[in-house]
Amino acid sequence: MPFGARLQDEQVERYTKAYILAAAIVFFFLILIVRLVFVQIVDAEVNIRLSRRNSMRLRIIEPPRGRIFDRNGKVLARNRPSYSICVLPYMIRDREALVNTLCKIKDSNGEAVFDSAEVSEKIRAAYRRRFDATRIKEDVSIEVVSIVEEHSMELPGIIVETESRREYTLGPRAFHVLGYMGEIPDEQFRVLREQGYYWGDLIGRSGVEREYESLMRGTAGREYLEVNAYGKSLGTIGDMPRINAIPGHDLYLTLDARLQKMAAEAFPDSLKGAVVAIDPRNGEVLTMFSNPSIDANIFSMASSHRSQSWRAIIMDPDLPLNNRAIAGTYPPGSTFKLVSGLAGLVHEKITRDSRMPTSCHGAYRIGNRTARCWNRSGHGAVNFISAMQQSCNVYFYQLGRMLGDVAINEFAQMFTLGTLTGIDINGEKRGWLSGRELYNIRNRNNEFSWQAGMVLDHAIGQTQIFTPLQLALMVGGMSNGELIYQPHLFKEERSNGIMINQRRPQVLNTLDLDEQAIRVVQESMLSVVEPGGTGTRSAVPGIPVGGKTGSAQNPHGENTHALYVASAPVSDPVIVIAVVVENAGGGGAVAAPVAGEVLRFFFAETEEGQRTVREYEEREKEGRFEIRTLPISQ
């Protein structure tokens, strides 16, 4: 090879090696730059948190939740201190070793605190939020806390959190009103996180706990703790800012705890149903009880006990979570005769002393149908007062034919029946009215249609369904005669004992009724509670109580539902009440005694009731009663 050519080849070879070396160096620096981008930019937040958490930990300071009081200042829900064992997954070094160590911890009875399978699953699930503290054992004793703290070197990633748990003083007597607390569900956490909630926070799940969550929750604080390599706290860090928690506000309800307790005790243990009592002058709910009920304190127990109770609750065929006072819908039965009767008086189809063309002989015939009265022997020729007192179906069958379904519905709507009342707890149902138009709409997909004879059932309350709360409003309006107020449980909001918000009565509907017609209906209600009536067991000494019994057809059982509504005093009521007892038979035998127990307690033991009794004693001395019981014309 010529010398010149050999020199040229060597030069090419040197250039090639130089290019390869340069490319290798560039490739190396590219890898380094990409890695730095990931470390410094893409994973920056994670790495910063890992670095900081090796020496310090953010501690969320839980705000004291506002308490719940009744109208007289008696505590219904309060907080108690509790300890939970939590895990911080990012600090765990050996998960299996950690689980084995936890399972060696025993309580004062010598029993293992942790179950191996359960704690393994909880720790595994906690890795989805590796920087958040996740509870693995709730509401543990101080002895267990001491053991965990003493062995923190062997339990890296395990910490003890102090928190508060709800305690309900009335237990199952007020569950459906107060509700309960529970952990935030996974599906709601993303939204609630934006509102300042943290993973594992408790939140109101039903009742006023849910409705007034934002009012009672408060605002969480935060502080930074210095921790060692095992996660044990060494105290707060002085130069890091601390934000104090802001306590939630206290909530005062319209409920009277004494009356609530009485309603629960008066209601038959083994039966289902509800009791609602309201002050018709402002819509304040004095009592709301639903049976069967649940002790809300089980939701504040440790998760293992809570899970067992929860399984029993959701499997219970009696549906104890259902608040029958606002979500139970029942035919009103003969309590609806108050509406039909008022419609007949206002439309001048009847007067106080009117008798029907056909006397009651135990049945009434229309076309091919024979509609029966509850009294197979018949009531004879009765006037309006007597028909109401003895709840004569035949009288109201004929009144229904005179009025028609449209006129009856006009008055039902006036008393807000079949509409949502807007009470301030969730779960309320609307119920529904009946009549030709509405019945045909509801049954347009089947072969049923409204028949002329169905107005008989319509007039005595067997074709529509309402809630006990709606029935209480109805009887309140019947006695008030002017206004129906929206029912509510919220009375006041206070912070450190200072009132900062108070509920004002809101009118749900204004009644424009003939005063004389209202007075006749009130007189008929009074006769129901007097001797010879069907509601005598609700009488209160010294107070003129007006009531109406009902027995509603029950498609799911042999016995009818027992109903009773009452107001007291009948012409100037300070309390109205509705009682529904499922599958119990007659309203006068089962529901009226429950109402009587509550009413007698109200007038004997509460300040408002005692004041009313004194006023009526004065009226009696002066002989100035507005309503008198008139002789019943037969």
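## Cavities, sheets and a pocket

Helix 19 is the largest contributor to the lining of the largest cavity, giving four residues. Helices (DSSP runs of H or I, at least four residues) and strands (runs of E, at least two) are numbered from the N terminus. Before we go on, please note that this is a predicted model, in which local features need pLDDT of at least 70 and side-chain atom pairs count only at pLDDT 80 or more, while totals for chains, interfaces and linings use all residues. Residues are numbered from 1 along each chain as its sequence is written, and side-chain values use heavy atoms, with hydrogens and water left out.

**Enclosed spaces**

How many cavities of 30 Å³ or more does a search of the whole structure find? It finds two. A cavity is a set of points on a 1 Å grid over the protein atoms alone where a 1.4 Å probe fits but cannot get out, and lining residues have an atom within 4 Å of a point. Points join across faces, edges and corners, and volume is the space filled by probe spheres set on them.

The largest cavity takes up about 70 Å³. Strand 11 (273-279), helix 19 (468-480) and strand 15 (483-485) are the elements that give two or more residues to its lining. Among the residues around the largest cavity are Ile-278, Asp-279, Pro-280, Ala-472, Leu-473, Gly-476, Gly-477, Leu-483, Ile-484, Tyr-485 and Val-576.

The second largest cavity has a volume of about 40 Å³.

**An open pocket**

A pocket, by contrast, is an open set of grid points with protein on both sides within 12 Å along at least five of seven lines. The second largest pocket holds about 450 Å³ of space. Which of its 23 lining residues are the closest to its centre? They are Ser-334, Trp-374, Asn-393, Gln-462 and Ser-551. Strand 14 (369-372), helix 15 (393-403), strand 19 and helix 21 (587-605) each supply at least two residues of the lining, and strand 19 gives the most, with four.

The table sets out the linings by class; Ala, Val, Leu, Ile, Met, Phe, Trp, Tyr, Cys and Pro count as nonpolar, Asp, Glu, Lys and Arg as charged, and the others, Gly among them, as polar.

| Space | Volume | Lining by class |
|---|---|---|
| Largest cavity | about 70 Å³ | eight nonpolar, three polar and one charged residues |
| Second largest cavity | about 40 Å³ | seven nonpolar, four polar and one charged residues |
| Second largest pocket | about 450 Å³ | six nonpolar, 14 polar and three charged residues |

**Strands and their partners**

Two strands pair if DSSP finds at least two bridges between them.

Strand 2 (residues 68-69) pairs with strand 10 in the parallel sense over two bridges, whereas strand 16 (residues 490-495) runs antiparallel to strand 10 and is joined to it by four bridges. Leu-251 takes part on each side: Ile-68 stands opposite Leu-251 in strand 10, and Glu-493 is the bridge partner of Leu-251 in strand 16.

In a regular strand the side chains alternate between the two faces of the sheet. Are the residues on the faces of strand 10 buried or exposed? Asp-250 and Tyr-252 on one side are buried, as are Leu-251 and Leu-253 on the other, so both faces are covered. Buried means under 20% relative accessible area, exposed over 50% and partly exposed in between, with a 1.4 Å probe and protein chains only.

**Cysteines and one glutamate**

The whole structure contains zero disulfides, a disulfide being a pair of cysteine sulfur atoms within 2.5 Å. For Cys-86, the nearest cysteine sulfur is that of Cys-103, 17 Å away. Cys-103 is likewise in no disulfide, and its nearest cysteine sulfur is that of Cys-86. Cys-86 is buried at 4% relative accessible area, while Cys-103 counts as partly exposed at 22%.

Finally, Glu-597 lies in helix 21 and counts as partly exposed, at 39% relative accessibility. Glu-597 and Asn-480 are 117 residues apart in sequence and 23 Å apart in space, C-alpha to C-alpha.
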